[in-house]
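Here are my notes on the model, written as numbered points for reading beside the sequence and the coordinates.

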Amino acid sequence: MTDPVADYLRQLASEGRKSAATLRAYGGDLRDFAAWLAANGRSVEQTGRFELRRYLVELEQQGLVATSVQRKLASLRGLFGWLQQQGRIGKDPAKLLKGPRAAKRVPRFLTTAEVDALLGQPFDDTAFGRRDQALLETLYSTGCRVSEVAGMALADLDLDEGIVRVLGKGRKQRIALLGKPACAAIAAWLPHRRELVRASRRSEPGSVWVNRYGRPLSARWVFATVVARAQQAGLQSSLTPHGLRHSFATHLLDRGADLRTVQELLGHARLVTTEIYTHVSIGRLRDVYDKAHPLGRERAEG
């Protein structure tokens, strides 16, 4: 018999629907599980629901947080579901297995004043000043993930319409909207971009964002740009590109956008993923109510 974990990972890689980072994470999770089974005298094909439960319990006892256990369980569900489809096992022992419930974490987001400070800071009239400004405006305007922004292609950009087509999770395409400040910032960056590509004497990369050598900008560089510019703007708390995504969603809901629209703009497959932002907005409404209403908590205590 061939190695079921190796076979499954090869299948995932051949499908091309998972990123390299996801494949590495799945591989690590599944090889750890296979090693645990071997240490306990079992094989993957011999695994039942009892062994899976025991494995998850041991992970929790080792101090692994609920979200990490859930991710490992997702890897196991994928493996055993595939093995059943291939006829290599009779029943899927992971099908109805539930992992630990993760506590809902309210996302960190910027206030509108903090966004103004971030986007309103001075940017040099140089290639990299214009690029940084355009990156920040695009991240906040679209609410896109850092990988989606880094992967934007010139062919998918329409500044006249204020839209850009992005490739999201699961390689699903969607339309992201660009506001006027973002369109203006990108328009100011594009001449510098053309000059960098021309000076590099390389073939046209097709990417919206390029580095000093005319090559596509990495997601890691976009991340570092956000962190550096947030510090330069004097923001007290650390900011990441995902923090701008949270701010985008929260500010839309605060101003009356419906949840389905925000779900579509964020590219969430399930509405429940978007619902966490309602907790943020309700919390802010509660603060305003408590301060302003005659029977609010602050006034009642006073």
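**Notes on the predicted model**

1. Arg201 has a relative accessible area of 80% and is therefore exposed, where exposed means over 50%, buried under 20% and partly exposed in between, with a 1.4 Å probe and protein chains only. Arg201 sits in the loop that runs between α8 (180–200) and α9 (219–232). Its phi is near 60 degrees, a positive value in a residue other than glycine.

2. A word on the basis of these notes: this is a predicted model, in which local features need pLDDT of at least 70 and side-chain atom pairs count only at pLDDT 80 or more, whereas totals for chains, interfaces and linings use all residues. Residues are numbered from 1 along each chain as its sequence is written, and side-chain values use heavy atoms, with hydrogens and water left out.

3. For the protein chain as a whole, the secondary structure comprises 14 helices and three strands; helices (H or I, at least four residues) and strands (E, at least two) are DSSP runs, numbered from the N terminus. Of the 302 residues in the chain, 41% are buried. The chain exposes about 17300 Å², of which carbon and sulfur atoms supply 52%, the areas coming from the Shrake-Rupley method with a 1.4 Å probe. Taking contacts (heavy atoms within 4.5 Å) between residues at least 6 apart in sequence, 56% join residues at least 24 apart.

4. How do helix α3 and helix α4 cross? The axes of α3 (residues 49–61) and α4 (residues 66–85) come within 10 Å and cross at roughly 160 degrees, so α3 is roughly antiparallel to α4. Axes here are lines fitted to C-alpha atoms, for helices over the stretch in contact, with angles from 0 to 180 degrees between N-to-C directions; angles over 145 degrees count as roughly antiparallel, under 35 as roughly parallel, 65 to 115 as roughly perpendicular and the rest as oblique. Leu52, Tyr55, Leu56, Leu59 and Glu60 of α3 meet Val69, Lys72, Leu73, Leu76 and Phe80 of α4. By class, this contact has eight nonpolar, no polar and two charged residues, where Ala, Val, Leu, Ile, Met, Phe, Trp, Tyr, Cys and Pro count as nonpolar, Asp, Glu, Lys and Arg as charged, and the others, Gly among them, as polar.

5. Glu51, in helix α3, counts as buried because its relative accessibility is 14%; leaving aside residues up to four places away in sequence, Glu51 touches Trp36, Arg42 and Gln46. Arg77, in helix α4, counts as partly exposed at 31% relative accessibility. The C-alpha atoms of Arg77 and Leu97 are separated by 8.7 Å, although the two residues lie 20 residues apart along the chain.

6. Helix α10 (residues 241–254) and helix α11 (residues 259–266) pack with their axes 10 Å apart, at an angle of about 160 degrees, which means that α10 is roughly antiparallel to α11. On the α10 side the contact is made by Arg245, Phe248, Ala249, Leu252 and Leu253, and on the α11 side by Leu259, Val262, Leu265 and Leu266. These residues divide into eight nonpolar, no polar and one charged.
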